[in-house]
Amino acid sequence: MRRLSFYLTNLTNLLNFLFPFLIKIQSKSLPEQIENMVTLVSRTGRHLQRYEKGYRLVVGCIPYRYKSQEPSSVEEIEVLVISAQNGQGMLFPKGGWENDECMEEAAKRETEEEAGVIGVVQDKLGPWHYKSKRSCIMHESYMFPLLVQKELDSWPEKNIRKRRWVSINEAREVCHNWWMREALEELCKEQSRNLQAQS
């Protein structure tokens with residue numbers, strides 16, 4: 001049993017080490033089996049975690065899409081929420097920003113791991129400062145709007161999280177983190193300005 005545990009731990013460490021390199025390879029040049037394996041591994045641990053002035057740096061995305069081809073208002077936006085790990089409440093995907101990646105890469109990685117979506121990252125929102133519910137650690141967080149281009153059938157946290165597309169109003173009700181609700185309002189203001197400029 002110890003030997004099996006040893007091999008599994010080392011396999012996980014190897015895949016976590018290779019992950020940043022594999023995701024930069026064009027998917028067309030990877031065999032499908034390897035591409036699927038890459039999407040099934042989630043980073044674990046906090047040994048690469050970034051901290052600044054005592055704050056743990058956290059990044060994430062607000063995945064969104066439009067209900068119609070030519071939207072005219074923010075009411076036509078849907079956002080993707082996921083269940084919290086403890087199963088209580090819904091939120092947007094987020095996690096630690098690590099030393100070997102830029103902020104945008106970390107936000108996209110966390111979104112793919114937790115929500116199973118890929119898309120175009122836009123200008124960052126934030127920062128927000130909050131205290132962890134599980135410990136006394138303070139966090140500095142940033143969120144990125146992410147226009148979803150692809151929903152994956154399999155992703156690393158598929159078995160521990162549920163995902164659901166909701167309206168902006170429903171997201172305001174179900175999202176239990178105050179700072180994420182504020183980030184959602186910032187996204188709405190930005191999208192409203194963009195839609196007005198296009199009309």
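A salt bridge is a side-chain nitrogen of Lys or Arg within 4 Å of a carboxyl oxygen of Asp or Glu. The structure holds twelve salt bridges. The model is predicted, and the mean pLDDT of its protein chain is 83. The chain has five helices and nine strands, and 43% of its 199 residues count as buried.

**Confidence**

- A pLDDT of 70 or more is reached by 76% of the residues in the protein chain.
- Over residues 19–39 the pLDDT stays under 50.
- For that stretch, residues 19–39, the model has 18 contacts beyond four places in sequence.
- Where pLDDT is low, the predicted coordinates should not be read in detail.

**Overall layout**

- Along the sequence, the elements of the protein chain follow the pattern α-α-β-β-β-β-β-α-β-β-β-β-α-α.
- Among contacts in the protein chain with a separation of 6 or more, 69% are between residues 24 or more positions apart.
- The accessible surface of the protein chain comes to about 11900 Å².
- Carbon and sulfur atoms account for 51% of that accessible surface.

**Salt bridges**

- Side chains of opposite charge can pair when their charged atoms come close.
- Arg-65 and Glu-78 form a salt bridge in which the closest N and O atoms are 2.8 Å apart.
- This pair links distant parts of the chain, with Arg-65 in strand S2 and Glu-78 in strand S3 (residues 77–83), 13 residues apart.
- Arg-65 is partly exposed, with a relative accessible area of 28%, whereas Glu-78 counts as buried because its relative accessibility is 18%, and buried means under 20%.
- Arg-172 and Glu-185 form another salt bridge, with 2.6 Å between the closest N and O atoms.
- That pair also links distant parts of the chain: Arg-172 is in helix H4 (residues 168–174) and Glu-185 is in helix H5 (residues 178–198), 13 residues apart.
- Both residues are partly exposed, Arg-172 at 30% relative accessibility and Glu-185 with a relative accessible area of 28%.
- Lys-189 forms a salt bridge with Glu-186, and the closest N and O atoms of this pair are 3.7 Å apart.
- Lys-189 and Glu-186 both lie in helix H5, three residues apart, which is about one turn of the helix.
- Lys-189 is partly exposed, with a relative accessible area of 47%, and Glu-186 counts as partly exposed at 32% relative accessibility.
- Through salt bridges that share partners, Arg-65, Glu-78, Glu-151 and Arg-163 are joined into one network.

**The nonpolar core**

- The largest nonpolar core has 42 residues.
- The residues with the most contacts inside this core are Val-59, Ile-62, Val-79, Phe-92 and Leu-184.
- Not counting residues up to four places away in sequence, Ile-62 touches several residues, including Val-79, Phe-92, Leu-125, Met-143 and Phe-144.
- Other residues that Ile-62 touches include Pro-145, Leu-146, Ala-183, Leu-184 and Leu-187.

- Gly-119 is found in strand S6 (residues 117–121).
- Gly-119 counts as buried because its relative accessibility is 7%, and buried means under 20%.
- Leaving aside neighbours within four places in sequence, Gly-119 is in contact with Lys-108, Leu-146, Leu-147, Val-148 and Gln-149.
- Gly-119 and Pro-145 are 26 residues apart along the chain, and their C-alpha atoms are separated by 9.6 Å.

**The S7 and S8 hairpin**

- Strand S7 (residues 125–131) and strand S8 (residues 138–151) pair in the antiparallel sense over five bridges.
- S7 and S8 form a hairpin, with six residues between them.
- His-129 has Glu-140, in S8, as its bridge partner.
- In a regular strand the side chains alternate between the two faces of the sheet.

**Backbone exceptions**

- Most residues other than glycine have a negative phi, and most peptide bonds are trans.
- Gly-126 and Pro-127 are joined by a cis peptide bond, with omega about 15 degrees.
- Pro-127 has its place in strand S7.
- Lys-53 has a phi near 50 degrees, a positive value in a residue other than glycine.
- Lys-53 sits in the loop between strand S1 (51–52) and strand S2 (55–66).
- Lys-53 counts as exposed because its relative accessibility is 77%, and exposed means over 50%.

Key:
Residues are numbered from 1 along each chain as its sequence is written. This is a predicted model: local features need pLDDT of at least 70, side-chain atom pairs count only at pLDDT 80 or more; totals for chains, interfaces and linings use all residues. Side-chain values use heavy atoms; hydrogens and water are left out. pLDDT is the predictor's confidence in each residue, from 0 to 100. Contact means heavy atoms within 4.5 Å. Two strands pair if DSSP finds at least two bridges between them. Helices (H or I, at least four residues) and strands (E, at least two) are DSSP runs, numbered from the N terminus. Buried means under 20% relative accessible area, exposed over 50%, partly exposed in between (1.4 Å probe, protein chains only). A nonpolar core is a set of buried Ala, Val, Leu, Ile, Met, Phe, Trp, Tyr and Cys residues joined through side-chain atoms within 4.5 Å. Accessible areas come from the Shrake-Rupley method with a 1.4 Å probe; for residues, only the protein chains shown count as cover.
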